[in-house]
Structures are given as C-alpha cells and as structure tokens.
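Me: Before I rely on the labels used for this protein, I would like to go through them one at a time and see what stands behind each.

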Amino acid sequence: MGRVEWNDGLNLGIKKIDEQHKELVGIINGVLEAFESGETDTAIDKLLKQLKEYTVHHFNAEEKYMEEIEYPWLSEHKRMHASLKQSVKSLQAARFHMEKVSVKDVKVLLSSWLIEHILRVDYKILKFMKEGKGKDRSENRKA
C-alpha cells in the first residue's frame, strides 16, 4: 500500500496552513509505514498520538485563521474538524481494545479524510478569499 503523496494541487496558498497540511501528510505516511512494516504496538500508538496532537494543533490554527478573515462558515468547518478528530480517536480506541485494524482501513481513513477535507472543505476558504470577501491576511499568503 503506497504513501499519501503531496502535490501542489493541494496548496491553498496560505503558507501556514499549507505547511501544516504537508506535516500532516508526513505524519500520516509515518503511521501507514509503521502499520505496513509491522512496527510494535508501542511505536504505532506513539505515532497515532502524534497524529492526534498535531491534528488538534492544525485545526486550532486553521480555525483561528478563519476567525481572523471572518469566514462565515466557521461553525460548520469546526463541526467537520470535530468529526475528523473523532475518527483519529476511534482508531486509537480500536487499537486500545485490541480490535483488528488493517493497514488498508488506516490508509482509507487517514488519507481520505485529509485529502477530501483539503479539496472539498479547505478550498472553500481559498475561494472565499479570492472573491475578496474576507479580511486581508496577506502576511499569511504566499508571495
């Protein structure tokens, strides 16, 4: 099972968020590689904890940015973030309860929620900004 590949089509043009998305892809790839290579439960659990913590960090930063630009769909976006965080928690809980978790299940869960979230949900932030509706946060935009 392959890695989640980052490509420039996933960039929003918001430097801080793009960097964090790339970091999330890296962490997800670390989790997938650990499952595929048969790492110890301790190593996998440590990576899942790192993923959960970084996800919370990223979502908080993204939500702060949306507040700053007065993004009108912030509440809906926050609900989606809560659902994504719950997905990671559910994965951790399944492992804690010694349920069988396949690498395919992990890849589908992690890669689909990250990529789908960026392409379907986060891109709405970019569209909002391009339409000139948000407060200018140009210090966060790429040159």
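Me: Leaving aside neighbours within four places in sequence, which residues is Arg-95 in contact with?

Reply: Arg-95 is in contact with Phe-35, Asp-41, Ile-44, Asp-45, Leu-48 and Val-101 once its neighbours within four places in sequence are left aside, where contact means heavy atoms within 4.5 Å. This is a predicted model, in which local features need pLDDT of at least 70 and side-chain atom pairs count only at pLDDT 80 or more, while totals for chains, interfaces and linings use all residues. Residues are numbered from 1 along each chain as its sequence is written, and side-chain values use heavy atoms, with hydrogens and water left out.

Me: Why is Arg-95 called buried?

Reply: Buried means under 20% relative accessible area, exposed means over 50%, and partly exposed lies in between (1.4 Å probe, protein chains only). Arg-95, which is placed in helix α3, has a relative accessibility of 16% and therefore counts as buried.

Me: What makes the pairing of the Arg-95 and Asp-41 side chains a polar contact?

Reply: The two side chains come to 3.2 Å, and the term asks for a pair of N or O atoms within 3.5 Å, of which, within protein, one must be able to donate a hydrogen and the other to accept it, with residues adjacent in sequence counting only if both atoms are side-chain atoms. A polar contact at 3.2 Å is also made by the side chains of His-58 and His-21.

Me: Is His-58 buried or exposed?

Reply: His-58, in helix α2, has a relative accessible area of 0% and is therefore buried. Its contacts, leaving aside neighbours within four places in sequence, are Ile-17, Gln-20, His-21 and Leu-24.

Me: How do you know that Met-98 is exposed?

Reply: Met-98 counts as exposed because its relative accessibility is 72%. The residue is placed in the loop between α3 and α4, and it has a positive phi of about 60 degrees although it is not a glycine.

Me: Why are α3 and α4 called roughly antiparallel?

Reply: Angles run from 0 to 180 degrees between N-to-C directions, with axes fitted as lines to C-alpha atoms, for helices over the stretch in contact. Angles under 35 degrees count as roughly parallel, over 145 as roughly antiparallel, 65 to 115 as roughly perpendicular and the rest as oblique. The helices α3 and α4 pack at about 170 degrees, with axes 11 Å apart, and are therefore roughly antiparallel to each other. The residues of this contact divide into 10 nonpolar, four polar and one charged.

Me: What makes α2 roughly antiparallel to α3?

Reply: Their axes come within 10 Å and cross at roughly 175 degrees, and that angle makes α2 roughly antiparallel to α3. By class, this contact has 10 nonpolar, four polar and 11 charged residues.

Me: What makes a group of residues a nonpolar core, and which members of the largest one touch the most others?

Reply: The term covers a set of buried Ala, Val, Leu, Ile, Met, Phe, Trp, Tyr and Cys residues joined through side-chain atoms within 4.5 Å. In the largest such core, which has 26 residues, Ile-28, Leu-51, Val-106, Leu-110, Trp-113 and Leu-114 touch the most other members. The elements giving two or more residues are α1 (15-37), α2 (41-68), α3 (74-96) and α4 (103-130), and α1 gives the most, with eight. Leu-110 touches Ile-28, Val-31, Leu-51 and Val-88, not counting residues up to four places away in sequence.

Conventions: Helices (H or I, at least four residues) and strands (E, at least two) are DSSP runs, numbered from the N terminus. Ala, Val, Leu, Ile, Met, Phe, Trp, Tyr, Cys and Pro count as nonpolar, Asp, Glu, Lys and Arg as charged, and the others, Gly among them, as polar.
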